[in-house]
Every structure is written in C-alpha cells, then in structure tokens.
Amino acid sequence: MAAPPASATPRSPPPPPPPPFAAGDGPDRPAEKSGTACEDRSAESLDRLLPPVGAGRSPRKRTTSQCKSEPPLLRTSKRTIYTAGRPPWYNEHGTQSKEAFAIGLGGGSASGKTTVARMIIEALDVPWVVLLSMDSFYKVLTKQQQEQAAHNNFNFDHPDAFDFDLIVSTLKKLKQGKSVKVPIYDFTTHSRKKDWKTLYGANVIIFEGIMAFADKTLLELLDMKIFVDTDSDIRLVRRLRRDISERGRDIEGVIKQYNKFVKPAFDQYIQPTMRVADIVVPRGSGNTVAIDLIVQHVHSQLEERKLRWDMAALASAHQCHPLPRTLSVLKSTPQVRGMHTIIRDKETSRDEFIFYSKRLMRLLIEHALSFLPFQDCVVQTPQGQDYAGKCYAGKQITGVSILRAGETMEPALRAVCKDVRIGTILIQTNQLTGEPELHYLRLPKDISDDHVILMDCTVSTGAAAMMAVRVLLDHDVPEDKIFLLSLLMAEMGVHSVAYAFPRVRIITTAVDKRVNDLFRIIPGIGNFGDRYFGTDAVPDGSDEEEVASTS
C-alpha cells in the first residue's frame with residue numbers, strides 16, 4: 001500500500017527507548033490519594049506545557065456533528081446530505097457492498113491516538129465512520145486478578161490483558177457490514193458491565209489502542225496501519241495532568257505505576273510494532289499536515305472501493321426523481337386535510353393535538369392493513385349461506401415503534417389488530433464518536449415469520465428509520481414484510497429509505513417537500529414528541545428527536 005509522503009514518515013525504524021516516565025494506557029485504578037490544592041495547581045501548570053491541538057490553523061468544521069443543532073452523521077464540512085442515500089451495508093444495486101476500509105491506530109499511551117482518530121473522522125467526507133477502542137476489550141478478571149488490580153499490582157499494559165479473539169471477531173463482522181455487540185468496560189471495578197452497545201458496519205472503521213498491532217490475525221484485518229509517535233515528555237505531561245486533575249492521584253503514584261508496568265510494556269510490546277506501520281505520524285495530533293495526507297490517501301482508497309459517494313448528487317436526488325412506487329400516501333380528503341390543518345397549527349392546544357393525531361393514526365393503520373396479503377376464503381353465515389370473503393394470509397402481525405414518538409401509534413394498532421405483538425427500538429447517536437448506537441431493543445420471538453409494521457410519527461432524513469429497518473433485517477425479517485408508517489414524511493426521507501430498501505412499503509398521511517438546516521420538515525408539524533407529551537422544546541430550537549435518533 002502506498003503511503004502518503006511528507007510529514008507522515010513511512011516505516012521509520014524504531015527510535016531509541018523513551019526517557020523515564022513515559023505515559024501508558026490501562027483502566028482507571030482506584031485513587032491512591034485524594035487530590036490536594038497543590039496537586040490541582042500542578043495540573044494547571046501541566047496544562048500550560050501541552051501544545052494545543054492543531055496549533056497554527058483554524059479549527060475544522062466537524063464532519064459528524066456533535067451538537068444538538070446538527071444531528072450527527074448528517075452534516076459535512078462542505079454540504080448538507082441525507083445519510084448519503086444508501087446506507088453503507090448496500091451498494092446501488094441493493095446487494096452487500098464491499099468490505100469497509102479499516103484503519104489501525106497504534107502508539108504509546110497518551111500519544112494522542114483518539115484525538116488523531118477524531119481529527120481523521122472530522123476531515124473525512126464520508127457519513128458513516130465507526131471508532132472502535134481497544135479499551136472496550138479488556139478481559140474479565142478473576143477474583144485474584146481483581147484483588148491485584150485493586151492494589152495496582154495487575155499489568156493492564158500487557159497483551160494478555162486484552163481479549164484478542166473478541167477483537168478479531170468483532171472487527172471481522174464490522175468489515176462485513178454486520179451488527180456487533182461491543183462490551184462496555186468499567187474501569188473502576190475492572191469488569192465488564194452487563195450492558196453491551198450495538199454497532200453497525202460502516203464505510204470506514206478506525207480501531208485504536210496501545211496493542212493495535214500486537215496480534216498477527218488482527219494485523220491482517222487492517223487496511224492501513226498508523227503509528228502515532230509523540231514525544232515521551234508530552235505523553236508524561238498528559239498522563240500527569242489526567243491523573244492529578246481527573247483521578248485524584250499524586251505524582252508519586254503515577255511514577256510508581258509507570259516504572260512497574262507502563263515503561264516495560266512500551267519498550268517490549270508497543271514501540272517494536274512501529275516497524276509494521278505503514279505510516280508513522282510524528283508529534284501525534286499536532287501534525288495536521290500528516291493527518292491531511294492520511295485523509296487524502298483514505299479518500300483514494302474509498303473511491304477505488306466505490307465506498308465514497310457524490311454527496312451533491314445524492315443530496316439533490318429527491319429533487320430530480322419522482323416519488324418511489326413503494327410509497328403510499330393516504331388520500332387527501334377534506335377530512336384528512338382538515339385534521340392536518342389542526343395538528344400543524346402552532347396555536348392548537350395539546351388536547352386537540354393528541355385527539356386529531358390519534359384520528360390520523362387510526363386512518364393510517366387502517367390504510368396500511370390493506371397492503372397485507374389476503375387470500376380467498378369461504379365462511380357460512382348465521383342464515384346457513386356461504387360467503388366468499390378474504391382472510392389474512394400471513395402468520396402474525398407485529399408492531400415495532402421507534403422510541404419515543406413511535407410508541408404513540410401503538411394504541412391505534414392495538415385497536416384494529418387483535419392480539420398484535422409489540423416491539424420497541426431506541427436508536428441514539430454517540431455524541432463523542434458520532435456513531436449510531438442501538439440503546440434499547442425489545443422484539444418478540446420468531447419475528448422473522450411476521451409482517452412488521454414499523455412506526456415513527458415523523459421521518460425527515462430517514463436515518464433512524466433506515467437503521468431500524470437494518471435491525472429488523474438482522475433479525476431475519478424479510479424486507480418485503482416491513483411496512484414503515486409515519487404521520488408525516490419529507491421527500492428526502494422517502495427517497496433515502498426507498499433507495500436503501502427498495503422492497504420496504506412506505507405509508508404516510510402526507511409528504512412535505514423539504515427540510516430546513518436543522519433537518520426539520522417544512523412546513524411540518526414541529527417536534528411531535530414535545531407537542532404530544534407536553535415536554536419542553538430543546539432550548540436551541542432543534543428537534544430533539546432528530547438529535548436523539550436522527551429520524
């Protein structure tokens with residue numbers, strides 16, 4: 001693989017071992033001493049020794065937004081997009097796309113690996129990037145090992161501390177576009193939490209950790225290997241600042257831990273892996289020239305794999321293409337239009353908003369049921385006569401609501417479908433990494449045999465709806481058995497879902513032409529959840545549900 005030139009140094013020989021007190025990784029250990037005023041002042045002094053990230057240049061605009069006014073994954077530094085059309089699991093023909101591009105980021109503790117990863121994410125003009133940290137994959141400790149860890153006598157900076165089998169299997173699935181469950185490690189108790197977070201495949205996967213290059217099988221999965229080489233004094237300052245200001249430790253404890261575990265591990269396991277790196281980045285996150293060159297190289301690789309799209313063309317797709325055949329809009333009768341007039345009126349009281357929303361939901365559900373498969377059947381009437389009618393040809397109907405607004409449609413579904421089963425999905429965006437995460441999932445058993453009615457009250461960009469569909473597909477629900485129902489949709493969301501999943505039936509009561517800069521439907525109905533539940537709107541005026549679930 002050709003590596004970028006200039007400040008990104010290709011395959012440099014390992015430099016001499018760092019001087020004493022280089023920083024190291026590992027879980028948070030229990031505080032040895034509570035912080036003192038003197039230590040706080042020491043932390044402030046250490047701050048002044050650290051060079052600013054990206055010094056000498058203006059800050060970038062984020063590729064994946066991390067603020068409430070800009071839903072993550074939906075805004076680039078150049079233009080507004082709507083999830084880049086087809087999500088990363090499919091290509092333009094509806095089949096599985098090529099494997100994602102995996103970048104490995106190795107280097108010593110506090111070298112700036114995570115910061116470099118985020119700078120790369122910010123500069124990449126692609127909508128789906130997964131940041132996977134090695135810190136999530138510490139092994140489960142035995143009772144004896146937990147006792148050692150409690151007294152700072154367990155080596156968390158050794159390859160044996162990591163579950164490489166789980167790392168490899170997780171990375172393999174992500175590269176194939178499959179969903180994975182990633183453990184959540186509790187650094188205080190040195191154990192994995194009961195809850196795991198769910199991630200989905202992406203165009204680019206960035207895997208970072210001190211032992212990122214310490215396993216041969218793992219190395220084979222990485223398409224690009226970057227070693228972040230930061231001066232040992234800078235790494236030490238970062239470690240001292242962190243432990244003094246955030247963990248209440250003293251300088252003596254930090255140095256003791258370094259001498260016993262961190263320095264030997266760096267010399268023996270981390271620094272030697274520099275020779276397998278395709279690129280060495282001197283000065284870490286401060287080397288913005290090297291990062292720009294890396295980004296250019298990643299772009300070229302994505303274009304070769306056809307994993308990078310023409311954002312401008314996709315963003316305007318909804319303006320030049322007719323609405324898809326899979327879309328069905330409830331007939332706009334005077335009654336339906338009258339109810340829309342009421343719920344769209346900002347002066348409508350909450351009681352009236354709820355009442356007429358429920359009426360529309362009932363009509364929407366009734367309309368959706370007409371698309372279910374029916375077969376001919378004959379029954380006998382009380383008068384002893386045969387009646388040639390229709391019977392539902394499926395096994396079961398299941399409703400799945402996208403929280404929180406989608407659950408308001410459940411009563412209407414229960415009212416017209418006897419013994420219907422209900423499931424729920426909660427999708428939120430990690431504000432630190434910009435990656436979509438499945439926070440809650442409750443689906444009935446054997447859902448793969450059912451016709452599934454997927455419910456969300458408004459769909460603007462379609463991002464949450466697409467991820468919810470992907471969750472159902474992961475549970476073996478056939479695409480043509482999924483019905484997406486929404487009271488109101490934007491053309492952008494309709495095209496996004498239809499382009500990604502051409503066999504999903506899309507059913508709504510109305511389609512509005514556009515969305516604004518905050519991805520709100522225009523003219524729209526405002527924040528449905530706030531108006532229905534009577535909750536306060538987000539102070540900055542953004543749509544809370546679009547931020548929470550990028551719906």
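## Cysteines and the disulfide

Cys417 is buried, with a relative accessibility of 8%; here buried means under 20% relative accessible area, exposed over 50% and partly exposed in between (1.4 Å probe, protein chains only). Cys457 is likewise buried, at 0% relative accessibility. The structure is a predicted model, in which local features need pLDDT of at least 70, side-chain atom pairs count only at pLDDT 80 or more, and totals for chains, interfaces and linings use all residues. Residues are numbered from 1 along each chain as its sequence is written, and side-chain values use heavy atoms, with hydrogens and water left out.

The count of disulfides, defined as pairs of cysteine sulfur atoms within 2.5 Å, comes to 1. The bond joins Cys377 to Cys391, with the sulfur atoms 2.1 Å apart. Because the torsion about the S-S bond of Cys377 and Cys391 is about 85°, the disulfide is right-handed. The pair links distant parts of the chain, 14 residues apart: Cys377 belongs to strand β9 (residues 374–380) and Cys391 to strand β10 (residues 386–392). Helices (H or I, at least four residues) and strands (E, at least two) are DSSP runs, numbered from the N terminus. Of the two partners, Cys377 is buried at 16% relative accessible area, while Cys391 is partly exposed at 29%.

## Salt bridges between separate elements

Side chains of opposite charge can pair when their charged atoms come close. With a salt bridge taken as a side-chain nitrogen of Lys or Arg within 4 Å of a carboxyl oxygen of Asp or Glu, the model contains 12 salt bridges. One of them joins Asp163 and Arg192, with an N to O distance of 3.2 Å. This pair links distant parts of the chain, 29 residues apart: Asp163 is in the loop between α3 (143–150) and α4 (164–175), and Arg192 is in strand β4 (residues 191–199).

A further salt bridge pairs Glu491 with Lys513, the closest N and O atoms being 3.1 Å apart. Glu491 lies in helix α15 (residues 491–500) and Lys513 in the loop between β19 (511–512) and β20 (514–515), so the contact ties together parts that are 22 residues apart in sequence. Glu491 is buried, at 11% relative accessible area, whereas Lys513 is exposed, at 59% relative accessibility.

## An exposed pair

Asp419 and Lys418 also meet through their side chains in a salt bridge, at 3.0 Å from N to O. Asp419 counts as exposed, with a relative accessibility of 59%. Lys418 is exposed as well, at 71%.
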